[in-house]
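This report describes selected features of one protein model. The sequence and structure are shown first, and the discussion follows.

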Amino acid sequence: MGRPITNITIVGGGTAGWITAAYLNQRLQWSETGRRDVKITVIESPNIGLIGVGESTVPTLKATMRYLGISEPEFMQRVDATYKLGIWFDRWNVNKNGDLIPYVHPFTGGKTINGYNPGYSFKQYGLLGREETTDQDFVRTIAMTREAIENMQGPRALNGPRYGGALQYAYHIDAAKLAAFLSEVCKQRGVQHIRDDVVDVKLDDRGYIGSLQLKEKGEWPIEFVIDCTGFKGLLINKALGEPFESYNDYLLNDRAIPMQVRHVDASNIVPVTGATAMEAGWVWHIPLHSRVGTGYVFCSAFKSDDQAMDEFRKHLGPVAEGIDAQPVIKMRVGRNRRSWVKNCAAVGLSSGFLEPLESTAIMTLELQARWILNNFPTTDFEEPLADQYNRQVANLYDEIRDFLGLHFSLNERKEPFWNAVRNEAKKSDTLKYSLELWKHALPTPADFRSKAVYNHWSVLCILMGKNFYRNSQLAGSEVVPRAMWNQYCKELTEWKRPILGRLANHNALIEHMRAQAVSGESVLHKPFKGPLLGQVQGLSSPAPIMAEAV
């Protein structure tokens, strides 16, 4: 057996590099008995900017920040954060009159009728007290997220616990500010930071990465290296030759135009990410505290860059006047065949990328950083550990790809792009099997598919939101009697009322958290240890992003 690894090099900074450094630092440089003899170095080019697509997150980031001992108020103040209760998909589907309509994917949900899925009875009876119920109302039967979004509320009361609340939540953040904040924390906690360019990669006689040639510092010996160099995959693809497997046949969008614009009304910041369907893709709307991050994700086969820009600006209207868009991003959609090869593991965009429709970019690199620790090798770089990491990463990307496929393949728009993603885009065998199954039965935990990230509640919210069951005949074994359904609806209303009454206005909660921020609090405190760590779930495997209210 090889000796313990004592020297780790991370090539590339940004969100991927510094989240990875923070995880490694927390586990390998700190211990309950003091510091360990492990050196972690981040080599970051001074000449490469950040890609600002991933400003919307999922609840894993909340667990990550808590696990790393980061103060939530300071974090929110430093990264310009607001709260996110889910994703609002606008104009993807139509109602019975042909009008384009929205649906929501919430982070909170899971109420049942004594163990029975309420979806069956919802389809049978509709919502109590409503003259007309649409399938987009289904989310109201399992949680209160839609009501909170409509009321412009945050996930908890003003005096609620940090990193907790009545609703599951994530954040809208400035990714560049997050990287800078974590860089500061990591360096104070012992991570070395070098600003230099890698000009060459040298392999040893085993084909491992033996050293890097830095422009200023010269030769840098490598023991274990993590590639966070983005789409170019400087180490994993270029130096080690690992092939990249494109998902462009599954997900047609290959371009993104990011832009930063003003709030229409900064006193009413919505607690949800917006995803509005356009002629050849969709536009994201990510409301930060001081600005709005937006962008058009589109397919170049149906729109040129100039045509997409014209449509994008027309959609944005006055808030974008006089504001320049960032350069068009050519997205490398797919994943490496393997993300860990020899003594090099890839994290973030160098490992893979799926378009940001479900805000998964930061989540994937969080999980990859955790999995490196779960499968941490000795200097022998044991193959089963790398194999485990590669399986986990591959399954993660495949699951997200298939979940994104639900949004696109079940759209009801008529433009050529939408016809193509509905009828021509490739579907995995698992997705095709699942869609056939779900025509006859609602999704369950026992379904034959990967569900590490998206459980059956997430899938059901998308299927209902997209009118998948509009004309379907579901089996009736889980339909409860009408009287029981009416009682369930009444109890649900009574359960929601006091909780919604306690939830703070979203803007008020943001300002309350910012007012509590103490500069340097996260740097001064060591990462949480002991019993508190055991309370943070999903650190070795991803917890589904949709969870029941607490």
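Which residue in S22 does isoleucine 226 stand opposite? Isoleucine 226 stands opposite alanine 345.

## Basis of the model

The model is predicted; local features require pLDDT of at least 70, side-chain atom pairs count only at pLDDT 80 or more, and totals for chains, interfaces and linings use all residues. Residues are numbered from 1 along each chain as its sequence is written, and side-chain values use heavy atoms, with hydrogens and water left out.

Helices (H or I, at least four residues) and strands (E, at least two) are DSSP runs, numbered from the N terminus. Strands pair if DSSP finds at least two bridges between them. S13 (residues 224–227) is covered on both faces, with Phe224 and Ile226 buried on one side and Val225 and Asp227 buried on the other. Here, buried means under 20% relative accessible area, exposed over 50%, and partly exposed in between, with a 1.4 Å probe and protein chains only.

Strand S1 (residues 7–11) pairs with S13 in the parallel sense over four bridges, and isoleucine 10 has isoleucine 226 as its bridge partner. S13 also pairs in the parallel sense with strand S22 (residues 344–346), over three bridges.

## Nonpolar cores

A nonpolar core is a set of buried Ala, Val, Leu, Ile, Met, Phe, Trp, Tyr and Cys residues joined through side-chain atoms within 4.5 Å. The largest has 156 residues, of which Phe75 and Leu406 touch the most other members. Helix H10 (residues 383–409) gives the most to this core, with ten residues. A second, separate core of 17 residues includes Ile43, Ile209, Leu212 and Leu234.

## Aromatic pairs

Rings of Phe, Tyr and Trp (its six-membered ring) pair if their centres lie within 6.5 Å; planes under 30 degrees apart count as stacked, over 60 as edge-to-face and the rest as tilted. The count comes to 27 aromatic pairs. Phenylalanine 89 and tryptophan 92 form an edge-to-face pair, 5.8 Å centre to centre with 90° between the planes; both residues are buried.

## Histidine 289

Histidine 289 lies in the loop between strand S17 (281–287) and strand S18 (292–298). Its side chain makes a polar contact with the side chain of glutamate 511 at 2.7 Å. A polar contact is a pair of N or O atoms within 3.5 Å; within protein, one must be able to donate a hydrogen and the other to accept it, and residues adjacent in sequence count only if both atoms are side-chain atoms.
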